[in-house]
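Please view the sequence and the model side by side.

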Amino acid sequence: MSHQHRHDQPDGDGARGSRAGRADRADHADHAARAHDAGSGSMSRRNLLAVTGGLLMVAAAPGTAAASTTRPAAVGTPQSVPLPGAARASRLQRRTTLVHADLHNHTVLSDGDGDPEQAFASMREAGLDVAALTDHATLSAGLLGILDPLLPPGASEITGISPRDFELVEKLADAADDPGSYTAIRGFEWSHPLLGHANVWFTEDFTDVLDAFAMDRFYDWLTSERWGLFGHRRGGAAGVAGFNHPGREPRRFSEFALQPKALDQMVSMEIFNRRDDYLFRGWSDGTPSPLVTCLNAGWRTGLTGVTDEHGDDWGFHEGKGRSGLWVTENTRAGVLAAMRARRFFATRVSGLRFDATADDVHMGGTLDVARRDVRFAVDLDRGPQWDGKPLLIQVLRPGTDIPEVADVIPARTGGLTRFTVSLDVADGDWVVLRVSDPDRPNDAPGPEGHPCNDWGVAYSSPWWLEPA
């Protein structure tokens with residue numbers, strides 16, 4: 001195994017993507033912001049949703065539905081503001097352009113605090129180029145929707161969005177969408193308290209745990225053109241979906257059991273959710289890494305970062321997850337194409353440009369590899385504030401319970417890093433690059449001495465090895 005390193009100097013990017021409305025602040029994740037997040041360990045309304053939702057799945061009689069609640073008057077004061085960041089053009093290829101995205105956000109239509117009518121504007125002001133609202137779909141997609149107006153205010157925290165709410169989000173997304181500059185997307189979060197949560201985007205309808213109460217039923221809905229108790233159009237075949245905060249719910253999507261018919265549409269897995277790195281989620285309790293379990297099962301998911309925002313200042317929290325998509329155009333069609341191609345990366349720092357190729361194949365692609373050396377090239381930049389910052393690139397390969405690390409390569413932002421790694425499909429059919437900060441510890445480490453026990457900055461989507 002060999003590798004070589006080359007740290008090129010910045011090559012005349014010009015203005016580094018500075019944006020009106022973004023302050024030039026340092027990127028520390030302050031404790032006030034962390035406290036504001038209402039973490040997953042507390043009995044928040046989100047946890048109440050999961051617990052109560054599980055009971056209602058069994059006990060609810062037909063005729064219950066979601067209702068809109070009283071909405072806040074204004075967007076809250078941001079806890080911190082993202083950095084201006086790097087230029088959007090990659091040093092590795094000219095076919096696509098970087099856009100910054102947050103594809104997982106909530107409002108008062110389910111268990112969030114904020115007014116949905118302000119969400120898309122807040123995310124655009126915060127400097128995002130692509131934004132989605134994905135309120136929980138828990139109990140009110142089917143029969144319960146017909147009695148939506150009869151439920152008291154606040155019921156949507158438990159029942160989730162109703163058909164009426166879903167139509168409202170479509171109108172808000174259409175009004176905010178600005179093709180070429182800003183892409184606004186309607187989605188929803190299928191929310192099962194035991195199996196897990198899955199975001200779905202680009203569908204005309206939605207489903208919930210009453211209609212799709214098991215993973216097989218969810219995949220049936222996702223891949224069908226028509227499905228439903230009364231034969232009405234409820235299919236999700238036009239859309240794409242992703243596994244959310246994997247490992248938070250105990251059944252972990254039936255341990256990521258593969259459903260080949262959904263392989264093309266399950267495009268993502270959240271590796272960063274809020275401020276958490278899910279690489280070793282559950283390891284201390286004897287549970288295998290979600291990343292290893294998902295990819296070893298045969299899923300072809302890219303890796304995303306999301307804020308999973310439940311407050312009212314969408315997009316403004318530094319240190320929460322977000323994604324970078326490499327698009328041919330910043331439109332819904334362009335974003336959907338990038339998601340289907342797994343042409344995206346996960347990060348939890350704003351303004352990061354991360355591009356990578358393996359034998360000139362972009363992240364998310366396939367490599368004709370049985371056993372040989374593969375040449376990687378990585379472009380890392382975050383603008384002037386991070387020029388020359390030392391980072392590490394860890395080459396993740398399949399393991400039994402946690403990822404193996406084939407190599408660790410020093411890198412610096414502001415230039416290209418090139419290296420060669422020997423890959424053998426007999427060791428597993430995927431490879432992921434993890435970018436880390438060696439000066440900061442991982443808040444959720446794996447085994448003692450594991451190379452990934454430092455702070456994760458970004459993950460590439462995988463490459464898959466497919467020998468001819």
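α3 is followed by G127, which has a positive phi near 105°. At the N-terminal end, α3 is capped by D115, with a side-chain oxygen 2.9 Å from the backbone nitrogen of E117. The model is a predicted one, in which local features need pLDDT of at least 70 and side-chain atom pairs count only at pLDDT 80 or more, while totals for chains, interfaces and linings use all residues. Residues are numbered from 1 along each chain as its sequence is written, and side-chain values use heavy atoms, with hydrogens and water left out.

Helices (H or I, at least four residues) and strands (E, at least two) are DSSP runs, numbered from the N terminus. The protein has nine helices and 21 strands. Of its 468 residues, 59% are buried, where buried means under 20% relative accessible area with a 1.4 Å probe, protein chains only. In α3, the buried residues are P116, Q118, A119, F120, S122 and M123. Their cover includes β2, α5 and β4.

The packing of α3 against α5 is at an angle of about 30°, and the axes are 9 Å apart; axes are lines fitted to C-alpha atoms over the stretch in contact, and angles run from 0 to 180 degrees between N-to-C directions. The residues that make the contact (heavy atoms within 4.5 Å) are listed below.

| Helix | Range | Contact residues |
|---|---|---|
| α3 | residues 116-125 | P116, E117, F120 and R124 |
| α5 | residues 163-176 | L168, L172, A173 and A176 |

By class, this contact has six nonpolar, no polar and two charged residues. Nonpolar here covers Ala, Val, Leu, Ile, Met, Phe, Trp, Tyr, Cys and Pro; Asp, Glu, Lys and Arg count as charged, and the others, Gly among them, as polar.

Strand β10 (residues 322-327) contains L325. L325 is buried, at a relative accessible area of 1%. Leaving aside neighbours within four places in sequence, L325 is in contact with T97, L98, V99, A101, V335, A338, M339, R343 and F344. One of these, V335, is ten residues from L325 in sequence and 7.5 Å away in space, C-alpha to C-alpha.

Strands β16 (residues 390-397) and β17 (residues 404-412) pair in the antiparallel sense over eight bridges; pairing requires that DSSP finds at least two bridges between two strands. The two strands, β16 and β17, form a hairpin with six residues between them. P390 has R412 of β17 as its bridge partner.

Terms used: Buried means under 20% relative accessible area, exposed over 50%, partly exposed in between (1.4 Å probe, protein chains only). A polar contact is a pair of N or O atoms within 3.5 Å; within protein, one must be able to donate a hydrogen and the other to accept it, and residues adjacent in sequence count only if both atoms are side-chain atoms.
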